[in-house]
There are 2 protein chains.
Amino acid sequence: MPLSRRSVLKGALAGAAAAALPTRAEDERAPIYEEIKRRHDEAVRRIQHWIAKPSIAAENLGSEEGPLVLIELLKKAGFQKAVPVKTDGKAGVFATLDAGARRTVGLYFMYDVKQVDPREWSSPPFEARLVDKPGFGKCIVGRGAVNQKGPEGAFLAALHAIQGAGRKLPVNLVLVAEGEEEIGSPHFAQVVRSPEVLQALGKCSGIFMPSAGQGPDGTLEISLGAKGIIECELVASGEKWGRGPQKDIHSSLRASIDSPAYHLVQALHTLVSPDGTEPAIDGWFDKVKKLSPAEEKMLDAAAKHMDEAQMKRQFGIQHWVHDADFRTALVRLTSQPTVNIEGLVGGYTGQGGKTVLPHRAVAKMDFRLVPDMGAADSLQKLKAHLAKRGFGDIEVNMTGGYDPNTTSPEAPLIQSQIKTYRAAGYDPLLWPRGGGSWPGYVFTGEPLKLAAAHFGLGHGSGAHAPDEYYVVESTNPNFQGLDGAVRSFVDYLYELAA
Amino acid sequence: MPLSRRSVLKGALAGAAAAALPTRAEDERAPIYEEIKRRHDEAVRRIQHWIAKPSIAAENLGSEEGPLVLIELLKKAGFQKAVPVKTDGKAGVFATLDAGARRTVGLYFMYDVKQVDPREWSSPPFEARLVDKPGFGKCIVGRGAVNQKGPEGAFLAALHAIQGAGRKLPVNLVLVAEGEEEIGSPHFAQVVRSPEVLQALGKCSGIFMPSAGQGPDGTLEISLGAKGIIECELVASGEKWGRGPQKDIHSSLRASIDSPAYHLVQALHTLVSPDGTEPAIDGWFDKVKKLSPAEEKMLDAAAKHMDEAQMKRQFGIQHWVHDADFRTALVRLTSQPTVNIEGLVGGYTGQGGKTVLPHRAVAKMDFRLVPDMGAADSLQKLKAHLAKRGFGDIEVNMTGGYDPNTTSPEAPLIQSQIKTYRAAGYDPLLWPRGGGSWPGYVFTGEPLKLAAAHFGLGHGSGAHAPDEYYVVESTNPNFQGLDGAVRSFVDYLYELAA
């Protein structure tokens with residue numbers, strides 16, 4: 001039985017050794033664990049059903065149905081109240097489950113998924129097929145499988161299992177969800193800051209998002225924060241520039257007419273160091289905090305327990321930037337702001353060439369922010385930097401983004417995670433800050449000041465990439481399948497109640 | 001009657017004043033001129049029919065039918081022989097019309113057209129609708145209307161008119177055509193250098209391409225050469241670079257993983273001056289010849305007779321590069337090599353954003369070359385420049401291109417053009433070199449060393465752009481409609497025979 005496996009990882013934290021025998025709590029929860037096994041197929045189908053109803057904010061696809069599908073899933077899982085929350089963008093969802101418990105815990109869900117190019121997938125991305133993946137086990141392959149419908153579906157399965165075993169939930173739940181996470185959560189603050197939602201969240205001891213926390217090598221991290229982000233398009237055009245053409249013209253005219261596409265290239269060039277790696281925007285590092293000694297210690301521990309070669313294979317890379325060593329690469333992932341080109345689109349983009357001088361070119365960008373950089377302040381710095389260098393005409397169209405967030409390792413939300421993982425036989429690595437972003441700032445910032453994090457056993461990968469997967473039957477001792485993930489949520493809720 | 005109009009342009013050449021009364025030659029050709037008018041509708045339909053059968057080399061569209069359509073048109077126009085010529089790419093066409101005349105003249109045709117994005121057109125690009133264009137007259141609007149099926153169709157109409165009037169052609173014709181002009185003529189040399197074609201062309205006194213030579217302001221140029229070109233894709237990828245990912249990965253990893261897209265931007269940056277206008281490739285100007293005093297004189301004359309404001313309106317620009325004056329802009333168009341971005345395609349190119357770190361990015365480029373730059377030598381310089389700066393991994397995939405070409409103003413081919421235009425009441429401007437490119441080098445270079453140029457009255461615009469048009473009934477005294485264009489070809493053939 002996978003859950004009885006004890007991690008072979010050495011404890012990365014003081015006093016990491018977990019008891020090898022079943023605890024009293026585990027015995028009490030035995031009927032729930034049985035119910036998880038009994039309901040395995042139902043839980044798989046629930047995730048498949050959800051994946052088959054995609055909502056893609058970036059493409060305005062399924063945005064009407066998205067919140068309704070989630071609301072139905074929540075009601076079936078025992079939420080007494082589950083309603084859409086209108087915003088200036090896609091609707092959010094607010095739901096509550098009152099179990100008459102002493103404590104209340106917050107949950108953050110997203111119902112939107114990333115775009116897909118079905119030609120890149122080995123099975124149709126919304127069919128959510130079950131595929132045997134050698135070395136991993138049986139997986140659901142589909143868009144949203146791990147980001148985030150799989151883990152969220154596992155959490156819902158935990159509620160079904162607890163209630164199916166005739167138990168009351170050990171905590172009350174307040175859930176907020178959005179359908180714009182993948183475009184930078186431009187309206188999520190409107191969901192959280194509506195008075196009713198704010199009041200409900202104010203009662204929570206913390207808030208978490210279900211996730212698949214286990215790496216393919218067995219690594220299990222508790223991330224104590226996330227980077228902020230600015231997602232935007234930089235648009236150069238003859239119209240705005242007042243130079244170059246206002247429509248695509250014959251490229252022979254390039255000899256005497258300016259090129260908005262090259263204007264964009266020259267602007268992009270100024271945003272990074274000559275080797276293309278470091279942000280070079282004026283004042284970009286002014287508010288960047290160095291890692292604390294405690295955070296440095298976490299990274300020392302992490303570097304020892306993570307498999308560098310496996311990570312490089314996973315990302316398809318041979319070198320880190322600057323040929324950095326592994327610890328440096330980890331430090332950068334957690335503490336370095338970034339300037340990234342997501343995509344370039346300008347002029348003729350079809351097959352072969354076309355001798356035009358384009359009137360317009362676009363760079364789709366993301367900028368990851370670390371404490372204490374703010375999204376609004378950083379956006380102003382970017383604009384000022386461009387203007388100072390003669391690129392003030394280039395439009396900076398921010399489509400989403402938010403500040404970074406931080407949660408203390410001492411918060412009960414985090415301490416309960418450590419206890420739950422250890423009780424299951426895993427030694428989590430504390431991680432100062434994930435390289436990715438999520439809008440936890442709406443919880444950790446004013447006025448709520450909640451602890452906020454991700455939680456969950458299980459494994460999946462391919463977020464934002466083709467063939468995204470979530471393991472439902474693990475054949476690999478490094479990570480749990482779906483039932484193990486569901487059990488981790490049951491155990492976490494009991495731990496949070498304790 | 002438009003043709004009786006005498007140009008109000010001052011003579012840009014010594015002795016430019018043309019006779020105001022009909023010449024003897026004009027009287028002899030009166031029945032042919034009548035035939036042109038009688039066959040006007042037939043000539044319009046021929047062009048429309050041809051536009052409705054597009055061949056687009058860049059998209060591998062209609063490449064089988066393209067040469068066959070042209071061959072049928074040529075046979076109907078009196079060519080005794082018209083056959084496809086196989087190449088490693090799309091087939092060319094070789095045709096001869098033996099009129100038993102003393103002199104033989106060469107013709108260069110293209111049957112391919114540029115790509116289209118129908119959404120950008122106000123009428124379907126292959127329907128070739130007749131549209132009333134205020135200030136211009138009745139126009140055929142369609143892809144290839146002016147580049148080059150309209151003028152080529154007008155030339156065929158001239159052959160129909162001469163023969164329809166019961167006359168023999170005054171010259172024999174040797175015609176070569178290709179279906180890859182719009183992708184840089186990568187295989188046209190194979191057409192010209194096949195022994196039979198080479199022998200036939202060797203008998204020619206020169207070779208010309210039918211064109212619509214009149215600008216909207218009445219400008220009429222004789223271009224004495226063309227720039228060469230390199231069309232290529234610059235491709236940056238993690239795979240070739242050995243840095244950065246080998247597939248698109250989550251953009252949070254940008255903090256520790258190199259970006260092939262930014263690698264491409266930094267490479268593009270080095271190819272031009274900081275303001276984005278001048279080529280900055282090592283050795284790029286080594287072989288560039290200054291304009292001769294005679295060429296400078298031609299430009300002085302041209303600058304006085306061209307309408308700068310109208311040109312700026314036509315191109316949708318407010319300034320020339322460097323805020324140059326008009327003469328400088330003209331000098332640059334004729335003598336400055338270029339580095340142009342035709343298109344940028346990298347990473348996520350769809351709607352909105354997508355937080356990926358792309359593994360690959362492409363810049364579609366064209367480089368215009370002036371004498372004595374060679375295409376092969378310039379390609380090597382580009383590659384060496386990139387390699388020297390750490391961008392040797394960036395693929396330089398040349399898809400087409402060729403050397404520049406030059407023809408002497410003293411050549412009988414050119415002198416006959418001047419005489420024909422003047423007899424029609426127009427004073428052509430001699431122009432040292434067009435800003436655009438055509439593969440005239442196969443004729444002007446070894447072994448043929450033919451004079452080569454474009455010829456034709458008439459007006460059209462929008463080559464490579466939406467709503468391309470060719471005027472068939474002019475309401476504007478500045479330029480001829482279709483019948484005037486056809487007549488100019490008749491007159492030119494008689495002048496070449498004289």
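The paragraphs below walk through a predicted model, starting with the contact between two chains and then turning to single residues and pairs.

Local features are described only where pLDDT is at least 70 and side-chain atom pairs only at pLDDT 80 or more, while totals for chains, interfaces and linings use all residues. Residues are numbered from 1 along each chain as its sequence is written, chains are lettered from A and ligands numbered from 1 in the order in which they are written, and side-chain values use heavy atoms, with hydrogens and water left out.

We begin with the contact between the chains. The size of an interface is often given as the accessible area lost when the parts come together. Chain A and chain B bury about 7100 Å² between them, with 50% of that area on carbon and sulfur atoms; buried area here is the accessible area, found with a 1.4 Å probe, that two parts lose on being put together, summed over both. S256(A), Y262(A) and L344(A) supply 10% of the area that chain A buries against chain B, which is more than any other three residues. Counted by residues, the contact (heavy atoms within 4.5 Å) takes 83 residues from chain A and 83 residues from chain B.

Across this interface the rule finds 50 residue pairs in polar contact, both residues being at pLDDT 80 or more. A polar contact is a pair of N or O atoms within 3.5 Å; within protein, one must be able to donate a hydrogen and the other to accept it, and residues adjacent in sequence count only if both atoms are side-chain atoms. On the side of chain A that touches chain B, strand β11 (residues 340-347) of chain A gives the most, with eight residues; strands (E, at least two residues) and helices (H or I, at least four) are DSSP runs, numbered from the N terminus. The residues of that side of chain A divide into 31 nonpolar, 34 polar and 18 charged, where Ala, Val, Leu, Ile, Met, Phe, Trp, Tyr, Cys and Pro count as nonpolar, Asp, Glu, Lys and Arg as charged, and the others, Gly among them, as polar.

The rule also finds two salt bridges across the interface of chain A and chain B, a salt bridge being a side-chain nitrogen of Lys or Arg within 4 Å of a carboxyl oxygen of Asp or Glu. The side chains of R243(A) and D323(B) meet in a salt bridge, with N and O 3.0 Å apart.

A residue of chain B that touches both chains is K114(B), which lies in the loop between β3 (104-110) and β4 (129-133) of chain B. K114(B) counts as buried because its relative accessibility is 1%; buried means under 20% relative accessible area, exposed over 50%, and partly exposed in between (1.4 Å probe, protein chains only). The side chain of K114(B) makes a polar contact with the side chain of T355(A) at 3.4 Å, and it reaches the backbone oxygen of E182(B) at 3.1 Å. Leaving aside neighbours within four places in sequence, the residues in contact with K114(B) include G353(A), K354(A), R143(B) and H464(B).

R143(B) leads on to another pair, for it forms a salt bridge with E468(B), the closest N and O atoms being 2.5 Å apart. R143(B) lies in the loop between β5 (137-141) and α5 of chain B, and E468(B) in the loop between β19 (460-461) and β20 (469-474), so the pair ties together parts that are 325 residues apart in sequence. R143(B) is buried at 2% relative accessibility, and E468(B) is buried with a relative accessible area of 1%.

Helix α5 (residues 145-164) of chain B spans only 25 Å between its end C-alpha atoms, whereas a straight helix of 20 residues would span 28 Å at 1.5 Å a residue; the expected span is 1.5 Å times one less than the number of residues. Of the 20 residues of α5(B), 18 are buried, and α5(B) is followed by G166(B), whose phi is positive, near 80 degrees.

Over all chains the structure holds 55 salt bridges. In chain A, R129(A) and E127(A) meet in one at 2.8 Å, N to O; R129(A) is partly exposed at 40% relative accessibility, and E127(A) is partly exposed at 45%. By contrast, R487(A) and D491(A) are both buried, and their salt bridge has its closest N and O atoms 3.8 Å apart. Because they stand four residues apart in helix α16 (residues 482-497) of chain A, R487(A) and D491(A) are separated by about one helical turn.
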